[in-house]
Amino acid sequence: MASARDNIPTPRGLPIIGNILDVQDEVPIRGIERLTDLYGSIFKLNFLGRKTICIASAELLEELCDETRFWKTPSEALAALADNKAGAEKPRRGLFSAPSTEDEDWQQAHRTLMPAFGPLSIQQMFGEMHDLCSQLVLKWARLGPSFRIPVTQDFTRLTLDTIGLCAMDYRFNSFYKDEMDPFVQALNSSLTAASDRNKVGSILKRMMPWDRSGQKVQIDREYMTRVSTELIQHRRNNPTEKRDLLNAMVLGKDPKTGKHMPDGLISANIITFLIAGHDTTSGLLSFAFFNLLKSSEAYFKAQQEIDRVLGRNKLKPEHLKDLKYIDAVLRETLRLNPTVPAFIRSIRKDNQNDVEALGGGEYAIRRDDRVLCLISKCQRDPKVYGEDANEFRPERMLDENFQRLPKGAWKGFGTGIRACIGRGFAWQEAQMAFTLLLQNFNFRLDDPSYEIKIKQTLTVKPDEFYMRATLREAITATSLQTLLSSSGEEVNAAADERTRRTASGLGEGLKPMMILYGSNTGTCISLAQKMSVDAKRHGYQAEVMEMDAAVGVLPKDQAVAIITASYEGQPPDNAGQFVAWLESMQDSEALRGVQYAVFGCGHSDWATTYQRIPTLVDDLLEKHGGKRIVDRGLSNAAAGDMFSDFDIWSDHTLWPAVAPSKSDSPPTTSAFELEMSTQNRSSYLRQDVQLAAVVAAKRLTASREPEKRHLEIKLPDGMSYVAGDYLAILPLNPAESVARIQRHFKVPRDATLTIKPGAPTFLPTGQLLSVADLLRDFVELSLPATKNDVAACVAACTKQEQKDALQTLEASGSSAEHRMSLLDLLERHSGIEMTFSIFLSRLPPLRPRHYSISSSPLADPETCTITYGIIDEAAKSGVGRYIGVTGAYLSSLKSGDEISVSVRATNKFFHLPNDPSETPVIMFGAGTGIAPFRGFIQERAELLKAGRKLAPAILFMGCRAASADRLYATELDEWAKAGAVDVRYAFSREASASEDCKYVQDRMLRDKKVVRELWEAGAKVFTCGSPAVTEGIGAAALQILKEAKAEQGEITTDEEAAEWFRKLRNERFVVDVFA
């Protein structure tokens, strides 16, 4: 058995401190979880000489939950929390901090309180729970859709008030206070201190002679004890017949001993209930809303179930049993995001074995071992939940599916006799809050790109999570009180009072209009902002919103324009709910009265999904009763100029239909008033990105080769990623471009300006801004001039010869083909008398650029790298050189410089397989297409260093020459030697050095035997490169497939082979094309 215990892998630690540095993280549990990605389902850690074994599989968890062999052991954090020094004769421990089930305090409290948590007792609390949930609903209704709901904080208010009122008849009245209740503040302070005990910073801080954190914790504990003692005394002084938990403790007797619980034990358990009763449930509700808002299909299934079961009626206890899908949502949330992400097990005291085997005898633990069961990992075990184990899919938690799960696959409330005693209380509260909120509101993320951030005390919750709530159709804040207390008929009567939108906020003589956009990369946002500026010229005041913000509230008294794109056939992040809402509709008349027009952006290289979402939205709006104003417009990014395509559609199709009397207005009238001075003023930062710091920058290619570079970035606190994700970077325009504009318009270098409020612009108004900063930070300077831009130049040109040339350019539409910017036109044609104000008003907003991350967080979770190329070539416009905006910006950065970034999720399928030991990987790339694969291979190298066994991986890589642009050559050679990857090159200018293979597809065909072998072994295939690269690889794949079919006696056409691959896209192979 001793050797079996030695089979447990152990990360190499440092003398004395052991593995403390290996698990350091802002979120402590995340540091340990990260090690499971490296070391697998079981490993051993050393913290200052104390050994802890960690397990992370459902199979091992099931063994450890065998109550005949093991039992729960409280963590040090729980034990520290139970250390009562407030004057009791002996320290008293609440139910979850007691050392074991043999503890007399635990036994007495458990026997006394079990009846108080029975089903009938919980149901009798329904009315008070409903009262407090109603307070939350009314608060959000009155604050309106513009309020950024601090989700975790408000759910904490709800759950604290609920446990206080239902369990102890005490009202904290948290919804009537700006700050959290002092009890919660003291509680959080104590929990945080307990959770942070093993953080290096906390350890060092406690060693300092001036540290007073220990005293602060003691003061907080004494305050909590004082509050709980006062609650006990108040109940004794004011007896009540209420059958709540406090009465059960104050008046109840232990059915075994006949004794009353002493006040010290009651106090300890009051604190226990206030911690467990509010902290875990608020986390559950917060995570559940995050998961639903990231899964639009599940969101509308949940809402439709509530509509079917309740309609507009008041929620009653008998409704809860029929909310099967809501139960599944909550179970799936607890699977993916258990608010108590781990518990500790050890060998029972009454177990005669000093050593117990695990994993069929492969491992063993001793009596003094503490085993940390990482529930957060065990419940994502791909052997139980499959390759999509990390996906939110409530269907797997519906009753029949839930019952079939292995015993160790779901432990949302703990295990055994020490599982959560208040499970029924928490479940009823969560069901109720969830149901009332979805019955009355439509929700959306405040930031559609928000990815979960975790805050840990003894439990975990989402951090910095905000959403917005819009009352559903026919509900107002004033009628909501009726809904929460009355029958459906009364509600319908009250709903008639709903006020309609008015034009009180519109400019004089302007009509309302709604512009919706769906965008990940920013193009559709730019088009929406441009349309809003043009709208004033046509007599409209436009409200610009994300598509998700319009769920359930599409107006029927104004025109609605929708501008959206597709991403691998899926909606943009801020349009997923809107599309799912349309797809979920049953009523063919639901949108009667809605007048709409759709413009779609796309790229034909994604042939199978080109324009899918714009087409789907257009068709569904009409299907459900909407009236199409004009035919859908579209633009193909592969064909050139999206802005000109949009201008042509809006100017010649949309506006003539919407505002025919104003469709002939000249294009140069959209300037705004501004005042200029020569005082300096810097610009402010954008809100969709955060400041990061450059760690290192270097060139990767030889000096005479096209420049490709590497940049390492220290991410902002709380920002995380997985290998394969994108990094969005908000660049700065080149200084030379800014200087060109200032020279042309004779604007002093240090000039500032103020754009007057009310101007038709996306730029900041009413603020003093440096002209140079405005041009550098806010607007696109090098995009090709649109046809409208050229038309504006024609209108402003005073020299006939130049005007004729511009009219020819306008007719041919070749400004985009030659990448001729608006500034290029002004410099080339001196007769254009365009003011700086008009020029600035025509520039679209600066957009973030997306780059594949070329590193793995397993190497360093706090930094990431990108790999990019520099575009520096003769300008097609014939004016100087064309320099890529972001490449030039990035290449100017050096260590220590600030950079504005945000991690963005890629196609959810473009990630390494969940089980790297079983699934082979094939990768194809060329040039900077190596970026995501460097991250993949680095991750595999880290896994190998941790002792993991891996399935084969092969990389087919295209370069010019071995000595010219073999990117990351030294690293790849080392990783190949270690067994992380097998690299096979194709050198286009040195084919003799790559088995006479010039391109990636040539090498693929030469090595088709190994490609077929890995494919047949279940390999997942990834491609990253330009359209030409992906087309070549696709053609080679078709050829290999047809040959394989021919060997089996089947004749396969190109169309049949392409269809075969199409069905497997994303399941077996994933493509990331960059233009």
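At what angle do helix 38 and helix 39 pack? I looked this up at once, keeping in mind that the model is predicted. Helix 38 covers residues 1027-1047 and helix 39 covers residues 1054-1064. I get an angle of about 105°, with the axes 10 Å apart.

From helix 38 I noted Ala 1037, Leu 1038, Leu 1041, Lys 1042 and Lys 1045. Helix 39 brings in Asp 1054, Ala 1057, Ala 1058, Trp 1060 and Phe 1061. Sorted by class, I have seven nonpolar residues, three charged ones and no polar ones.

**Another helix pair.** I moved on to helix 14 (residues 296-310) and helix 15 (residues 324-336). Their axes come within 8 Å and cross at roughly 145°. On the helix 14 side I found Ala 298, Lys 301, Ala 302, Glu 305 and Ile 306. Helix 15 answers with Lys 324, Tyr 325 and Ile 326. My class tally here is five nonpolar, three charged and no polar residues.

**Strands.** Which strands pair with strand 20? I wrote down strand 29 (residues 898-904), which runs antiparallel to strand 20 (residues 690-699) and is joined to it by four bridges. In that pairing, Leu 691 has Ser 900 of strand 29 as its bridge partner. I also wrote down strand 21 (residues 708-714), which pairs with strand 20 over six bridges, again antiparallel. There I see Val 694 opposite Ile 713 of strand 21.

**One residue.** Is Arg 828 buried or partly exposed? I located Arg 828 in helix 31, residues 822-828. Its relative accessibility is 42%, so I log Arg 828 as partly exposed. I also checked Arg 828 against Gln 802: they are 26 residues apart in sequence, and their C-alpha atoms are 9.2 Å apart in space.

**The whole chain.** Last, I stepped back. I have 39 helices and 34 strands in the protein chain. Of its 1075 residues, 58% are buried. Looking at contacts between residues at least 6 apart in sequence, I find that 76% join residues at least 24 apart. The chain exposes about 45600 Å², and carbon and sulfur atoms supply 49% of that.

Key. Residues numbered from 1 in each chain as written. Predicted model: local features only at pLDDT ≥ 70, side-chain atom pairs only at ≥ 80, totals over all residues. Heavy atoms only, no water. Helix = DSSP H or I, 4+ residues; strand = E, 2+ residues; numbered from the N terminus. Buried < 20%, exposed > 50% of the residue type's maximum accessible area, 1.4 Å probe, protein only. Contact = heavy atoms within 4.5 Å. Areas by Shrake-Rupley, 256 points an atom, 1.4 Å probe, with all protein chains shown as cover. Axes fitted to C-alpha atoms, helices over the stretch in contact; angles between N-to-C directions. Nonpolar A, V, L, I, M, F, W, Y, C, P; charged D, E, K, R; others polar. Pairing = 2+ DSSP bridges.
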